[in-house]
Amino acid sequence: MSDVLPVPVSSRESGDSAAFIAALPKAELHLHIEGTLEPELMFALAERNGIRLPYSSVEELRSAYRFSNLQDFLDIYYAGAGALVEMQDFYDLTWAYLQRAFTQNVRHVEIFFDPQTHTGRGVEFATVVDGINRALVDAEARLGINSRLILCFLRHLDEADALETLDAAMAYRDRIAGVGLDSSERGNPPGKFREVFRRARAAGFVAVAHAGEEGPAEYVREALDVLEVVRIDHGNNALDDAGLVAELVRRRIPLTVCPLSNVKLRVVDDIRDHPLKRMLNLGLFVTVNSDDPAYFGGYVNENYIAVAEALGLSREDLRQLARNSFEASWLDAEAKSALIAEVDAVMQTER
Ligand code: ADE
Ligand code: ZN
């Protein structure tokens with residue numbers, strides 16, 4: 001563990017939206033831990049583990065981060081995750097992210113991890129969870145960051161594989177709060193995972209799913225109706241179905257939106273076309289998140305800044321987004337109201 005703790009960014013001296021955003025306490029609810037693997041750490045871990053990466057340098061790797069769609073990205077993301085082998089690797093990865101999150105005033109994080117990416121190449125489930133979990137425990141003690149862990153099933157694999165993964169997770173029931181669904185969306189509807197989600201919910205895991213990122217509005221509906229999720233990850237394409245939007249608003253289903261990811265993966269053509277402001281205006285319960293920040297050019301504050309600047313968000317909008325991030329989280333009611341009070345206090349002092 002590093003002995004040098006980062007210092008939160010102080011922003012009181014400046015009045016612009018970047019400073020205001022930096023000062024806002026935030027929760028991050030859509031963050032793949034494997035997507036925080038920065039090229040420098042990827043190379044260091046590959047060397048430590050005697051693994052050859054298909055790139056000769058950090059620069060060459062970074063220059064490969066130009067994606068035409070989700071699958072283009074996933075191919076590189078799964079290759080990069082191959083550098084993670086030992087428990088210490090998962091610890092170092094998670095600790096590096098948490099230090100960054102601390103500097104951005106992230107107070108609570110609900111972290112996705114993809115065990116099948118690792119067990120599929122011979123890394124034990126326990127190695128992955130123990131490494132991540134140790135860093136989460138240290139972050140609570142040393143950085144004051146709360147967290148929950150969400151196991152994502154890979155939707156390009158079959159349900160039998162997901163069921164085996166759920167069996168492995170049962171021994172970690174106390175350390176894993178929820179289950180999710182990620183990877184290649186097109187052609188892999190939520191309904192493919194009906195049984196594993198039914199069993200997971202019966203065992204007490206809270207359910208979420210990626211839906212409506214590249215897939216149609218119908219997949220969002222299916223995630224709600226068949227998987228009984230409490231949050232939708234992304235959800236952009238729900239906007240194509242007015243009835244569905246009305247239901248999401250009425251039921252206050254949070255959408256964990258990821259603006260820079262959407263631009264990098266060509267879900268939107270340009271950040272100025274991003275639907276976040278429209279979503280807010282429709283009354284949708286939206287939050288802003290970074291998804292895979294090492295690949296998409298920014299952590300959570302950069303995501304807030306990008307939409308604030310491109311869409312002309314007001315301070316009231318930004319406050320709403322920060323409040324939503326805690327409201328939509330799995331913190332208890334007392335912790336939520338304390339953190340929301342801190343958000344409101346920033347509104348008073350940051351003039
Ligand atoms: N895995 C990591 N990031 C993802 C994303 N944006 N969509 C689907 N699966 C993912
Ligand atoms: Zn995601």
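Mentor: The charged end of arginine 252 sits over the ring of phenylalanine 285, at 4.1 Å from the ring centre; a charge is counted in this way if NZ of Lys or CZ of Arg is within 6 Å of the ring centre and within 35 degrees of the ring normal. This is a predicted model, in which local features need pLDDT of at least 70 and side-chain atom pairs count only at pLDDT 80 or more, while totals for chains, interfaces and linings use all residues. Residues are numbered from 1 along each chain as its sequence is written, chains are lettered from A and ligands numbered from 1 in the order in which they are written, and side-chain values use heavy atoms, with hydrogens and water left out. A further charge placed over a ring is that of arginine 173, whose charged end lies 4.3 Å from the centre of the ring of phenylalanine 205.

Phenylalanine 285 leads us to strand 8 (residues 285-288), which is covered on both faces, with Phe285 and Thr287 buried on one side and Val286 and Val288 buried on the other. Buried means under 20% relative accessible area, exposed means over 50%, and partly exposed lies in between (1.4 Å probe, protein chains only). In a regular strand the side chains alternate between the two faces of the sheet. Helices (H or I, at least four residues) and strands (E, at least two) are DSSP runs, numbered from the N terminus. Strand 7 (residues 254-257) runs parallel to strand 8 and is joined to it by four bridges, where two strands pair if DSSP finds at least two bridges between them. Within this pairing, valine 257 stands opposite valine 288.

The zinc ion (ligand 2) is coordinated by NE2 of His30, NE2 of His32, NE2 of His210 and OD of Asp291, at 2.0 to 2.3 Å; donors are N, O and S atoms within 2.8 Å of the metal (3.2 Å for Na, K and Ca), and water is not among the atoms, so sites may look incomplete. The four donor atoms subtend angles of 85 to 177 degrees, and the arrangement is therefore irregular. Four donors count as tetrahedral if all angles lie between 85 and 135 degrees; four count as square planar and six as octahedral if opposite donors are over 155 degrees apart and all others between 65 and 115, and anything else is irregular. Along the sequence, the donor residues follow the spacing H-x1-H-x177-H-x80-D. Histidine 30 is buried at a relative accessible area of 0%, and aspartate 291 is buried at 2%.

Rings of Phe, Tyr and Trp (its six-membered ring) pair if their centres lie within 6.5 Å; planes under 30 degrees apart count as stacked, over 60 as edge-to-face and the rest as tilted. By this rule there are 13 aromatic pairs. In one of them, phenylalanine 67 and phenylalanine 73 have ring centres 5.5 Å apart and planes at 75 degrees, so the pair is edge-to-face. Phenylalanine 67 is buried at 4% relative accessible area, and phenylalanine 73 is buried at 2%. The rings of phenylalanine 73 and tyrosine 77 have centres 5.0 Å apart and planes at 40 degrees, so this pair is tilted. Phenylalanine 73 and tyrosine 77 are four residues apart in helix 4 (residues 70-81), about one helical turn, and tyrosine 77 is buried as well.

Last come the pairs of charged side chains. A salt bridge is a side-chain nitrogen of Lys or Arg within 4 Å of a carboxyl oxygen of Asp or Glu, and the count by this rule is 21. One of them joins glutamate 38 to arginine 100, with the closest N and O atoms 3.5 Å apart. Because glutamate 38 lies in the loop between strand 1 and helix 2 (39-48) and arginine 100 in helix 5 (residues 87-103), the pair ties together parts 62 residues apart in sequence. Glutamate 38 is buried at 15% relative accessibility, whereas arginine 100 is partly exposed at 38%.
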